[in-house]
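Biologist: Can you walk me through the charges in this one? Keep it simple, please.

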Amino acid sequence: MSAQAQMRALLDQLMGTARDGDETRQRVKFTDERVCKSHLLNCCPHDILSGTRMDLGECAKTHDLALRADYEIASKARELFFELDAVDHLESFIADCDRRTELAKKRLVETQDEISAEVAAKAETVHELNEEIGKLLAKAEQLGAEGNVDEAQLILQEVEKVRSRKRDAEEEYRNSMPASSFQQQKLRVCEVCSAYLGLHDNDRRLADHFGGKLHLGFIQIREKLEALKKTVIDKQEKRNQDRLKRREEREKEERMKTRTKSRSREQSREHRSRSRERRRRRSRSSSREKRRSSRSRSRDRERRRRHRSHSRSCSKGHRHEPSTRHKSSRDRERSSRDHSRERSRKRGSSERRQDSRDQNGRTDSRRAQDRDRDTGDL
């Protein structure tokens, strides 16, 4: 790749598909089914194992660094759950690799001479020590390339210790089987990348294998698969919690709505009852007012009627007053005489009544005296 192409890829990775206004590149979105979701998450085996003995070639789906940049920008705003697609892709790839490893093991069992269980256990010990040496050497080389010389020296010291243990294990393995059989190369299948490893491989060969791109690529794929599984589980738990929280909020809102509805119904009922009571009071007060007004009207009528009758009688009396005023003196004297006669008649009747009462009292006293005399004579 030329320097210009590298710069273009770097700009795509940083700014996305819309960095220079190219509309043709924007026709394919990162959400399209034709886009590789594993590439968006930087874990596609086609990218990781490119240039190795197990190069898979180009991926059947679209790989674009600009689309990856678009995805990284969009994933910060919302959850897209592309990890599920990537997990399915990597699981199918790892399952295929594990099948190849099992087939290689069966092939070795068929081709190599059969040995006892004790010798096989000693050979397995030598293989494990070889693997440990190779991993330590690969790590020491990586630290040395990064400039951590002191840590690399410490790891090399550990390598020397493991080498001494390996020599002891090889000696035990050599003494447990014939010399002719010991010289034969005993192979073993790598559990990570399904490559063949020899029992008598030197340290350089082991370091090249365990520090090589193929082995490290398979380690990266397997670690990425485990990390994606954990991410998927965490996101599913978070989504379930969010759903549960939203459900609880909806239930709470519904309960609040029902409470408000019941309160509104109660308030409306109370309002209706109060309005009915008000109407009843108003009707009662209006009826009372009507009765009072009718009574007052009847009283007013009676007063007016009495007033009219009184006014009529007064008017009649005033009409007859002039005749009485113009009566003659003789009539006045006659009426005064009549009054004096009436008074004398009343006075005489009262005197007669008093005399009769006195006479009755005297007769009663005489009768009592006569009774007393008769009783004395006896």
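Modeller: Let's start with a term. A charged patch joins like charges within 9 Å, using residues with over 30% relative accessible area and no salt bridge. Also, keep in mind that this is a predicted model.

Biologist: Okay. Which residues gather in the negative patch on the surface?

Modeller: Five glutamates do: E248, E249, E251, E253 and E254.

Biologist: Where does E254 lie?

Modeller: E254 is in helix α10, which covers residues 213-325.

Biologist: And which residues form the positive patch?

Modeller: That patch is made of K257, K261, R265, R269, R272, R276, R278, R279 and R282. One of them, R272, lies in helix α10.

Biologist: Why does R272 count as partly exposed?

Modeller: Because its relative accessibility is 40%. Partly exposed is the range between buried, under 20%, and exposed, over 50%.

Biologist: New topic. How many salt bridges does the structure hold?

Modeller: There are 13. Side chains of opposite charge can pair when their charged atoms come close.

Biologist: Show me one. What does D98 pair with?

Modeller: D98 forms a salt bridge with R222. Their closest N and O atoms are 3.1 Å apart. The pair links distant parts of the chain, 124 residues apart. D98 sits in helix α5, residues 83-111, and R222 in helix α10.

Biologist: What about E191? Which residue does E191 bridge to?

Modeller: To K105, with the closest N and O atoms 2.4 Å apart. This pair also links distant parts of the chain, 86 residues apart. E191 is in the loop between β1 (187-189) and β2 (196-198), while K105 is in helix α5.

Biologist: How accessible is E191?

Modeller: E191 has 42% relative accessibility, so it counts as partly exposed. K105 is partly exposed as well, with 27%.

Biologist: Now K135 and E131. How far apart are they in helix α6?

Modeller: Four residues, so about one helical turn separates them. That helix covers residues 117-146. K135 counts as partly exposed, at 44% relative accessibility.

Biologist: Last one. Which residues are linked in a network of salt bridges?

Modeller: E79, E83 and K235 are.

Note on methods. Residues are numbered from 1 along each chain as its sequence is written. This is a predicted model: local features need pLDDT of at least 70, side-chain atom pairs count only at pLDDT 80 or more; totals for chains, interfaces and linings use all residues. Side-chain values use heavy atoms; hydrogens and water are left out. Patches are made of residues with over 30% relative accessible area and no salt bridge: like charges are joined within 9 Å, nonpolar side chains (Val, Leu, Ile, Met, Phe, Trp, Tyr) within 5 Å. Accessible areas come from the Shrake-Rupley method with a 1.4 Å probe; for residues, only the protein chains shown count as cover. A salt bridge is a side-chain nitrogen of Lys or Arg within 4 Å of a carboxyl oxygen of Asp or Glu. Lys and Arg count as positive and Asp and Glu as negative; His and the chain ends are not counted. The place of a charge is taken as NZ of Lys, CZ of Arg, CG of Asp or CD of Glu. Helices (H or I, at least four residues) and strands (E, at least two) are DSSP runs, numbered from the N terminus. Buried means under 20% relative accessible area, exposed over 50%, partly exposed in between (1.4 Å probe, protein chains only).
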